[in-house]
Amino acid sequence: EWLKIVPEGDIGASLGRHQAREPWLLSKSLPQRSKVADSERGMQPSSVPLALSGFSTPAFEQARQVMSGFPLEPMQAGGTGDADEGPTEFEMGGAIAVQLVRGDMSAAATGTVSLVDGDNVLAFGHPMFDAGEVYAPVAAAEIHTVIPSAQSAFIVASPLRELGSLTQDRQSTIAADTSLKVGMIPMHIRVKSDKGQSIGDFKVEIIDSRFFTATFANIAASNATSLYLPDRDNVTVRMKSKVEIEGFPALEFVDFLHSDQGASDLVSSARGLRVLSPLMNNPFGEVGIKSIDLEVEVAFDTNIVEVTNIASTTVELVPGQKNSLDLTLEPFHGKPFTRRVEFEVPKSLAGSIVSLEVSAGDAASLYIAPPKTVDDLVAAFRSLLPGTTIAVTLYSADEAAAVDGRLIEDMPASAINRLRTSTRTSTLTTRRAQSRTVYPAKQVVDGSASLLIKVGPLK
């Protein structure tokens with residue numbers, strides 16, 4: 001079942017740093033539909049060959065995993081195709097390709113045309129994703145060879161000239177309209193060394209669909225990285241991602257991560273890729289993605305430190321001024337060292353006991369009300385901290401009330417209780433009040449530490 005993503009609670013927790021470096025692409029991939037069960041006679045449903053060209057072996061296997069819930073079978077293609085060649089119209093019994101990715105790499109579902117009736121075309125004789133009304137470019141296709149097999153025959157094909165648009169993806173067939181032309185989302189992927197030298201450059205177009213854009217953008221990004229940097233070694237990756245959105249200034253993110261398994265494992269963590277699905281599946285309104293830009297800067301080193309301990313330089317925090325904190329940071333190699341930072345303590349916290357937490361910026365929680373509109377959602381994403389920072393956060397025992405997308409601080413507990421016990425449906429939620437100071441970091445910061453400490457009285 002297709003589900004809209006409803007942002008609730010802490011958006012930062014869902015889009016921040018992964019715990020245990022879980023590959024987001026495989027943990028939150030396409031909404032899955034069950035494959036048609038095999039019949040008692042041992043018959044199996046037909047699969048659509050998904051012609052993949054320009055994909056590395058790891059990216060190919062990744063695509064195979066993602067598509068395992070659909071009647072699509074990834075196949076190595078003969079090339080990305082030539083958009084200026086091929087037939088100028090479809091014919092019955094000819095080949096048709098549905099283009100999901102095109103450009104410097106290609107992913108196209110290839111099948112046979114069943115019927116041509118004016119501008120209307122039926123093909124495949126079975127579903128592709130079984131997604132109902134869906135739009136993607138359809139093109140003529142060149143069949144390079146057929147691999148005959150009694151158990152699993154397949155073809156090797158490449159897409160050619162674009163001839164129309166997919167309109168329906170139903171259980172019995174797919175339908176296309178040759179009078180329509182649909183756009184795709186341009187995506188630019190750059191891979192660089194830590195000295196700024198270009199290692200690889202990819203320009204592709206991705207299907208514009210709230211169900212599939214995020215998945216194929218992630219596959220394309222992982223593929224670009226694994227093609228140029230297949231090394232399974234310690235890497236520090238600095239990723240800059242940018243998403244152009246219709247009607248809004250661009251969303252820009254910086255992620256700073258480390259892995260001992262190579263760069264391709266980290267690329268799907270780029271928040272410019274991870275916001276695509278929440279944006280396009282939000283419950284508030286349609287969001288148009290104009291372009292996606294990703295720059296991956298890779299250094300084969302262990303430039304990472306872990307926050308192992310924090311210590312206040314005073315027994316009590318002094319409200320209304322800057323206080324000092326000593327961070328114990330442990331590098332991958334070498335001895336732990338201490339860094340002193342200063343942070344603000346609001347006067348409003350005087351006389352209270354607070355929780356003091358230090359973490360990487362991209363792992364810090366967001367202090368926002370749950371979004372109620374597309375504007376709120378975009379603003380929430382824009383407030384995510386970059387991965388090149390250290391966040392020092394004070395959590396008060398008091399609560400801030402979140403009402404209709406706004407946070408209201410310093411609200412008396414009696415007022416919050418009054419709203420909770422109202423005789424009308426309440427839109428009230430609460431957040432622990434926060435105060436945060438952010439510092440730049442030269443290394444990848446991992447881990448976090450916290451302590452309870454008293455704030456002194458006002459003097």
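Which side chains meet in a salt bridge with an N to O distance of 2.7 Å, one of them being that of D326? In this predicted model, the partner of D326 is R340, and their side chains meet at 2.7 Å, N to O.

## The D326–R340 pair

This pair links distant parts of the chain, since D326 is in strand 15 (residues 321–331) and R340 is in strand 16 (residues 337–345), 14 residues apart.

## Overall architecture

The protein chain contains eight helices and 22 strands, and buried residues make up 49% of its 459 residues. Among the contacts with a separation of 6 or more, 74% are accounted for by residues 24 or more positions apart. The chain exposes about 21800 Å², of which carbon and sulfur atoms supply 48%.

## Further salt bridges

Side chains of opposite charge can pair when their charged atoms come close. The count of salt bridges in this model comes to ten, and one of them joins the side chains of E205 and R102 at 2.7 Å, N to O. Because E205 lies in strand 10 (residues 198–206) and R102 in strand 3, this pair ties together parts that are 103 residues apart in sequence. E205 is partly exposed, with a relative accessible area of 28%, while R102 is buried, with a relative accessible area of 17%.

A salt bridge is also found between the side chains of R190 and E295, at 3.4 Å, N to O. R190 belongs to strand 9 (residues 185–193) and E295 to strand 13 (residues 289–299), so the pair ties together parts that are 105 residues apart in sequence. Both partners are buried: R190 has a relative accessibility of 18%, and E295 has a relative accessible area of 12%. Salt bridges that share partners join R190 and E295 with K192 and D293 into one network.

Key:
Residues are numbered from 1 along each chain as its sequence is written. This is a predicted model: local features need pLDDT of at least 70, side-chain atom pairs count only at pLDDT 80 or more; totals for chains, interfaces and linings use all residues. Side-chain values use heavy atoms; hydrogens and water are left out. Helices (H or I, at least four residues) and strands (E, at least two) are DSSP runs, numbered from the N terminus. Buried means under 20% relative accessible area, exposed over 50%, partly exposed in between (1.4 Å probe, protein chains only). Contact means heavy atoms within 4.5 Å. Accessible areas come from the Shrake-Rupley method with a 1.4 Å probe; for residues, only the protein chains shown count as cover. A salt bridge is a side-chain nitrogen of Lys or Arg within 4 Å of a carboxyl oxygen of Asp or Glu.
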